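Student: I have a model open and want a quick tour. Can we go through it together?
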Amino acid sequence: MRESAVLDDLRARIAQIEGTDGRHDAIPFGIESIDCRLPGGGIATGTLHEIAGSTDLADEASATVFLAGILARVEGPVFWCLRWRDLFAPALHLAGLHPDRVIHVEAGSDTNVLLAMEECLRQPGLAGVVGEVAKYSTTASKRLQLAAEGSGVAAFVFRRASRVKQAVEGTAAATRWRVTAHPSEDLGIPSLGRPRWRVELERVRGGNPHSWIVEGCDATGRIALPAALVDRPAAQEERKFVA
């Protein structure tokens with residue numbers, strides 16, 4: 001049996017034991033180098049995920065748009081639960097998530113955000129439920145995971161102002177992501193290039209951490225690998241052949 005087949009079989013067995021054995025769909029990024037590192041080939045629905053930026057506002061904005069791009073590629077309304085309403089709707093629209101699809105739940109505290117998330121996750125047919133919190137407990141993460149499994153809706157905890165390399169409590173989340181701003185391509189003229197992010201998969205159930213430099217979401221919510229990175233293997237082979 002090939003190594004990839006062995007790994008797929010092991011992941012399937014682990015998912016069956018943990019109760020996440022493909023009963024729900026996945027939201028692929030459409031980038032093989034990312035999707036191949038995620039069980040099911042994408043962001044699993046019916047599962048809890050964590051996303052963070054950093055204490056820097058540019059990183060918080062990058063993580064928000066990254067999350068909006070994921071939700072933009074799923075049909076249905078989105079419940080976005082937050083302590084106070086500071087979400088910039090036009091930025092979500094640029095990532096393909098129309099403001100008419102987003103229902104804001106202004107909860108006022110982390111505790112109320114988590115309660116609102118749990119209640120929203122009981123409703124099937126949603127594109128996803130987002131909760132912005134500074135921190136939450138392992139017990140809270142397990143409750144959100146159970147609620148997500150029951151409805152099949154993807155749950156996202158957005159850790160606001162999360163310090164890089166900050167120790168976090170154990171969680172039931174299947175994946176943990178950190179998205180930070182990265183310098184855009186130098187176009188050589190006074191102009192702005194497409195935003196670039198460093199996307200780090202800090203934790204994934206049944207897999208290993210990894211990081212990528214990607215170009216920010218387009219109007220359909222899709223990210224892309226910079227052309228220089230996509231062409232790099234071919235260029236290396238060409239140099240090897242010439243040598």
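Tutor: Start with a term. On a 1 Å grid over the protein atoms alone, a cavity is a set of points where a 1.4 Å probe fits but cannot get out. A pocket is an open set with protein on both sides within 12 Å along at least five of seven lines. Lining residues have an atom within 4 Å of a point. Grid points are joined across faces, edges and corners, and a volume is the space filled by probe spheres set on the points.

Student: How many cavities of 30 Å³ or more does a search of the whole structure find?
Tutor: One. The largest cavity has a volume of about 30 Å³. Before going on: this is a predicted model, where local features need pLDDT of at least 70 and side-chain atom pairs count only at pLDDT 80 or more, while totals for chains, interfaces and linings use all residues. Residues are numbered from 1 along each chain as its sequence is written, and side-chain values use heavy atoms, with hydrogens and water left out.

Student: Which residues line the largest cavity?
Tutor: Leu-82, Arg-83, Trp-84, Asp-86, Glu-132 and Arg-160. By class, that lining has two nonpolar, no polar and four charged residues. Ala, Val, Leu, Ile, Met, Phe, Trp, Tyr, Cys and Pro count as nonpolar, Asp, Glu, Lys and Arg as charged, and the others, Gly among them, as polar.

Student: What links Asp-86, Glu-132 and Arg-160?
Tutor: A network of salt bridges, with Glu-60 also in it. A salt bridge is a side-chain nitrogen of Lys or Arg within 4 Å of a carboxyl oxygen of Asp or Glu. The whole structure has twelve salt bridges.

Student: How many helices and strands does the chain have?
Tutor: Seven helices and ten strands. Of its 243 residues, 43% count as buried. Buried means under 20% relative accessible area, exposed over 50%, partly exposed in between (1.4 Å probe, protein chains only). Contact means heavy atoms within 4.5 Å. Among contacts between residues at least 6 apart in sequence, 67% join residues at least 24 apart.

Student: Switch to α5. Which of its residues are buried?
Tutor: In α5 (110-120), Asp-110, Val-113, Leu-114, Ala-116, Met-117, Glu-118 and Cys-120. Their cover includes β4 (78-82), β5 (102-106), β6 (128-133), α6 (138-151) and β7.

Student: What does Glu-118 pair with?
Tutor: Arg-122, in a salt bridge with the closest N and O atoms 3.4 Å apart. Glu-118 counts as buried because its relative accessibility is 11%. Arg-122 is at 48%, so it counts as partly exposed. Arg-122 also forms a salt bridge with Glu-119, the closest N and O atoms being 2.8 Å apart. Glu-119 is partly exposed, at 44%.

Student: And what does Glu-215 meet in a salt bridge?
Tutor: Arg-194, at 3.6 Å, N to O. This pair links distant parts of the chain, 21 residues apart: Glu-215 is in strand β10 (210-215), and Arg-194 is in the loop between β8 and β9. Glu-215 is buried, with a relative accessible area of 14%. Arg-194 is partly exposed, at 31%.

Student: Back to Asp-35. Is it buried or exposed?
Tutor: Buried, yet without a salt bridge. The nearest side chain of opposite charge is Arg-73, 7.0 Å away. Lys and Arg count as positive and Asp and Glu as negative; His and the chain ends are not counted. Asp-35 sits in helix α2 (32-35). Leaving aside neighbours within four places in sequence, Asp-35 is in contact with Pro-28, Phe-29, Gly-30, Gly-41 and Gly-42.

Student: Last one. What is phi of Ala-161 near?
Tutor: Near 50°, a positive value in a residue other than glycine. Most residues other than glycine have a negative phi. Ala-161 lies in the loop between β7 (155-159) and β8 (175-182). Ala-161 counts as partly exposed because its relative accessibility is 43%.

Definitions and conventions. Helices (H or I, at least four residues) and strands (E, at least two) are DSSP runs, numbered from the N terminus.
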